[in-house]
Amino acid sequence: MTDDAARDDTGSSDGVDDESPSGRREVEVPLRLYKTVTVFSTLIAIVAVVVGFLLLDAATIGTGLLRRAVISLLSVLSLTPPESVLSALFAVAGLLCIAGGAVVYVMGTRFKAPEMGDGDGVD
């Protein structure tokens with residue numbers, strides 16, 4: 001049996017609306033789950049972006065609190081990385097945090113509740 005034969009009338013083999021009229025893939029979930037996903041994905045995204053900017057700040061400003069804390073922790077472990085390596089690690093970690101926050105937010109917007117309608121203004 002091919003994938004085309006396994007698809008139902010909606011064009012999806014797993015019961016999920018593959019593409020809405022606006023071209024986005026959306027997953028319909030109960031309203032309570034939708035609210036939970038929306039709240040927590042937004043919260044996680046905001047925290048990730050703020051932490052990302054703190055890490056970028058630590059990468060660019062050599063006197064930041066976060067940078068001093070990491071250097072102190074590394075000195076307790078008898079590790080002393082060069083300043084350029086530490087700055088690069090902070091910068092990469094900051095950019096990854098910001099990108100991760102964006103991904104979490106985008107994935108959180110894929111959910112919709114049945115009560116939301118189609119979004120075309122006609123119910």
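Analyst: Start with burial. Buried means under 20% relative accessible area, exposed means over 50%, and partly exposed lies in between (1.4 Å probe, protein chains only). The model is predicted: local features need pLDDT of at least 70, side-chain atom pairs count only at pLDDT 80 or more, and totals for chains, interfaces and linings use all residues. Residues are numbered from 1 along each chain as its sequence is written, and side-chain values use heavy atoms, with hydrogens and water left out.

User: Why is E83 called partly exposed?

Analyst: E83 has 46% relative accessibility. Partly exposed lies between the buried limit of 20% and the exposed limit of 50%. Therefore E83 counts as partly exposed.

User: What makes R67 and E83 a salt bridge?

Analyst: A salt bridge needs a side-chain nitrogen of Lys or Arg within 4 Å of a carboxyl oxygen of Asp or Glu. The R67 and E83 side chains meet at 2.8 Å, N to O. The pair joins helix α3, which holds R67, to helix α4, which holds E83, across 16 residues. Helices are DSSP runs of H or I with at least four residues, strands are E runs of at least two, and both are numbered from the N terminus. R67 is buried, because its relative accessible area is 2%.

User: How many salt bridges does the structure hold?

Analyst: Two. E26 and K112 also meet in a salt bridge, at 3.8 Å, N to O. E26 sits in the loop between α1 (3–6) and β1 (27–28), and K112 in strand β2, 86 residues apart.

User: Why do E26 and K112 count as buried?

Analyst: E26 has 15% relative accessibility, so it counts as buried. K112 has 13%, so K112 counts as buried too.

User: Which residues of α2 are buried, and what do they pack against?

Analyst: V37, S41, A45, A48, G52, L55, A58 and A59 are buried. They pack against α3 (65–76), α4 (83–108) and β2 (111–112). An α-helix has 3.6 residues a turn, so residues three or four places apart point the same way.

User: What makes up the largest nonpolar core?

Analyst: A nonpolar core is a set of buried Ala, Val, Leu, Ile, Met, Phe, Trp, Tyr and Cys residues joined through side-chain atoms within 4.5 Å. Here the largest has six: L55, A58, A59, L74, L86 and F90. α2 gives the most, with three residues.

User: Why is L86 called buried, and what does it touch?

Analyst: The relative accessible area of L86 is 5%, so L86 is buried. L86 lies in helix α4. Contact means heavy atoms within 4.5 Å. Beyond four places in sequence, L86 contacts R67, V70, I71, L74 and P81.
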